[in-house]
Amino acid sequence: MSLVRVEELTKTFRRDGGATVHAVNNVSFEIARGETLALIGESGSGKSTIGRMLLRLLEADTGTIEIDGVDIRSLEEHDLRSMRAKMQIVFQEPYESLNPKMRIGDIVSEPLEIHEPNLSRSDRRDRVEATLEEVGLETHHAELLPRSLSGGQQQRVGIARALVTRPALVVLDEPTSSLDLSVQAQILEILSDLQQSHDLSYLYISHDLSTVKYIAHRIAVLYLGEIREQGPLETVVEDPQDPYTKALLSASLDPDPTVRPANVRKLAGEIPDPTNLPEGCFLHGRCPVRVDACRESAMVLREIDVGHSVRCVRAPVDEAEWATDAGGGESR
Amino acid sequence: MAHGPLLEVKGITTRFDTRHGSVKAVNAVSFQADRGEMVGIVGESGCGKSATVRSVLGLIRKPGRVVDGEVLLDGRDLLHIPKRELRRVRGDRIGFVAQNPFASLNPILKIERQFHNVITAHRGRSSRSSTRPLAREMLDAVGIPGPDRILDGYAHELSGGMAQRVVIAMALSLDPELIIADEPTTALDVTIQGQILDLLKRNSVDEGRSLVLVTHDLGVVAQYCDRVVVMYAGKVVETGPVREVFSRPWHPYTLGLLQSVPRRGAKVKSLPGRVPSLIDYPVGCPFANRCSFAFDRCREEAPELSPVFPDGVTQRAVSCHADPEEVSASVPRAR
């Protein structure tokens with residue numbers, strides 16, 4: 001059974017001036033135990049909003065969220081608090097997510113004080129030290145303030161704080177995007193080791209395909225708050241079916257200069273305003289393979305293979321039909 | 001047309017004097033850019049890549065100062081010409097595109113007015129009606145549909161991608177020979193990044209201009225640049241044609257960067273330790289404390305950036321005491 005089950009999740013925000021931002025639109029997915037689902041998308045795709053709704057750091061408008069069989073949205077404050085030990089989050093900006101006046105040891109110990117108040121002082125200290133060690137920090141780091149650590153070490157503290165209550169689910173909200181490449185690698189390594197040793201489920205939120213390829217088991221591609229394509233990592237990366245997925249994959253530049261993308265797929269123009277969602281398929285204004293139907297009716301996510309769903313009505317698109325000059329997208 | 005590279009940077013050294021000491025941000029950096037060539041300066045945060053191009057452009061502000069070196073544009077040293085003349089060169093002959101387009105645009109002037117100001121500052125007084133067609137043409141060249149609407153609007157009405165196009169169009173309106181772009185797509189979404197890099201390339205190197213691109217993204221360098229300059233702790237550690245440097249890195253730091261790229265099915269290798277202090281700069285090689293190839297000499301004597309001509313074909317240079325062939329033997333191959 002899945003650890004996480006999300007159905008038909010929707011969220012709107014009111015912007016200053018009254019316009020309604022349609023941030024998340026009917027999003028459904030599941031995450032199994034020990035599995036990483038990557039939510040990938042550009043800014044405004046709704047990926048962080050979904051992560052926050054999952055933990056009820058933000059209230060959804062409609063939809064269902066079940067974690068370990070518990071209906072998260074209907075929980076009262078007291079029950080929600082005890083549930084929080086099982087579901088944690090690691091933020092993008094490690095320094096900003098740590099209290100600058102607290103020592104590292106206290107930062108990591110705080111969730112234990114809340115969730116396991118009966119733990120003796122020495123047991124608590126043992127747990128904190130063991131967790132610091134698991135993320136590659138040393139005991140003496142516990143005495144330091146966040147600012148004396150490097151960015152990578154700060155993010156390790158963020159991970160330790162999330163892990164200390166032994167959660168089943170961790171939302172990773174762009175955990176490496178503010179870090180340098182060489183440091184990013186360390187964090188990815190730690191995250192995948194921890195997943196194996198604790199059978200953790202991750203919701204990995206990112207705009208960066210290279211880290212997703214490394215850490216995810218399954219991918220959901222988001223565009224304007226909607227899932228465009230969802231499926232196993234291999235399938236989606238090797239054989240993407242939605243034009244948006246194709247463009248996103250093609251936009252991720254390979255660091256090997258001898259590898260030139262076989263098919264450069266570019267979209268015209270920019271992401272539309274989420275206060276004024278396009279009629280029909282959300283992508284049609286930018287899409288090089290659109291047909292009349294795309295402009296007229298909204299598209300549904302349909303399963304084209306076991307566990308692989310696509311929104312594009314034209315999928316599978318014949319590669320030859322992709323207009324190569326779309327959006328002024330000349331070849332590299 | 002003059003011979004030799006369009007831009008030649010020789011031994012640029014820049015310091016920032018702070019109350020904690022002198023920060024050695026740029027240390028004897030040398031590189032060059034030929035006409036029609038795209039050069040990528042790559043490195044992690046704090047490696048001095050932005051400080052290097054700002055030194056080249058004469059944009060270092062106090063407490064920073066360029067203490068040594070030469071910046072030759074077509075053989076003429078820009079570091080020792082009067083400020084007024086430098087301002088003219090900047091714009092006329094060198095265009096600059098920064099990371100944040102909104103910091104380059106004036107929030108309270110219409111876009112047309114800003115084009116007008118840029119053009120008249122360098123080309124002499126003329127009427128708005130005579131600068132508008134050029135502005136329109138430039139916006140068209142950077143793929144902006146309906147340029148008139150943009151010209152009559154303000155910066156805040158633009159998306160990040162559009163604003164960056166406008167900044168590039170302004171730089172191009174003076175027809176510079178060299179464009180320096182400092183992380184021009186870092187703040188943009190990935191599907192927009194490709195559009196901006198394409199148009200930068202199309203309007204620079206494809207037109208015989210030179211483009212110097214500062215980036216932290218190895219993918220951008222691999223897919224767009226001809227030559228790469230790898231920086232670490234304010235120094236150039238390795239430089240050469242992108243294909244050669246990326247397939248056979250000779251500096252252990254370049255190797256480490258390439259190994260840090262997450263690859264499916266392979267374990268990422270991370271670099272241990274951290275960058276040394278730029279105030280108490282190490283005596284030997286700045287990378288020695290993180291380097292698995294380091295030996296005693298590395299900790300005592302800083303290696304010079306020395307040109308190497310493998311098979312006499314292309315120009316490469318590396319700053320390392322270790323055997324380059326041994327370093328490149330560890331390169332990750334499988335994907």
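Let's start with a pairing: A:Leu37 has A:Arg218 as its bridge partner in β9(A). This is a predicted model, and that bridge is a handy way into it.

**Around strand β9 of chain A**

The bridge belongs to a parallel pairing, in which strand β3 (residues 36-40) of chain A and β9(A) are joined over four bridges. β9(A) and β10(A) make a hairpin with two residues between them. In its turn, A:Leu224 has a positive phi of about 50°.

How many of the six residues of strand β9 (residues 218-223) of chain A are buried? Six of the six, so the strand is largely enclosed by the rest of the structure. In a regular strand, side chains alternate between the two faces of the sheet. In β9(A), A:Arg218, A:Ala220 and A:Leu222 point one way, while A:Ile219, A:Val221 and A:Tyr223 point the other way, and all are buried.

Chain A also has an open sheet of four strands, antiparallel and ordered β2-β1-β4-β5. Its edges are β2 (20-32) and β5 (70-71) of chain A, each of which pairs on one side only. Inside that order, strand β1 (residues 2-14) and strand β4 (residues 62-67) of chain A pair over five bridges, and A:Val6 has A:Ile65 as its bridge partner in β4(A).

Here are the strand pairs of chain A side by side:

| Strand pair | Sense | Bridges |
|---|---|---|
| β3(A) and β9(A) | parallel | four |
| β1(A) and β4(A) | antiparallel | five |

In soluble globular proteins, nonpolar side chains tend to be buried together. The largest nonpolar core in this model has 184 residues, and A:Leu203 and A:Tyr204 have the most contacts inside it. The largest share of this core, nine residues, comes from α7(B). Leaving aside residues up to four places away in sequence, A:Tyr204 touches A:Thr36, A:Leu37, A:Ala38, A:Leu172, A:Val212, A:Ile215 and A:Ala216. A:Leu37 is the residue bridged to A:Arg218 above.

Helix α7 (residues 160-172) of chain B has 13 residues, which at 1.5 Å a residue should span 18 Å; its end C-alpha atoms are 18 Å apart, which agrees. Twelve of those 13 residues are buried, so the helix is largely enclosed by the rest of the structure. The buried ones include B:Gln164 and B:Arg165, along with B:Met162 and B:Leu172.

**Chain B and where the chains meet**

Chain B holds 13 helices and twelve strands. Its radius of gyration is 21 Å, close to the 20 Å that the globule rule gives for 335 residues, so chain B is as compact as a globular protein of that length. Along its principal axes, the C-alpha trace of chain B spans about 70 × 50 × 45 Å. Buried residues account for 47% of the 335 residues in chain B.

Between the chains, 34 residues of chain A are in contact with 36 residues of chain B. On the chain A side, α6 (181-198), α7 (209-215) and α9 (243-251) each supply at least two residues, with α6(A) giving the most, seven residues. The chain A side divides into eleven nonpolar, 13 polar and ten charged residues.

Notes:
Residues numbered from 1 in each chain as written. Chains lettered and ligands numbered in written order. Predicted model: local features only at pLDDT ≥ 70, side-chain atom pairs only at ≥ 80, totals over all residues. Rg over C-alpha atoms; globule rule 2.2 N^0.38 Å. Buried ≥ 20, exposed ≤ 12 C-beta atoms within 10 Å, placed from the backbone. Contact = placed C-beta atoms within 7 Å. Nonpolar A, V, L, I, M, F, W, Y, C, P; charged D, E, K, R; others polar. Pairing = 2+ DSSP bridges. Expected span 1.5 Å × (residues − 1). Core = buried A, V, L, I, M, F, W, Y, C linked by C-beta atoms within 7 Å.
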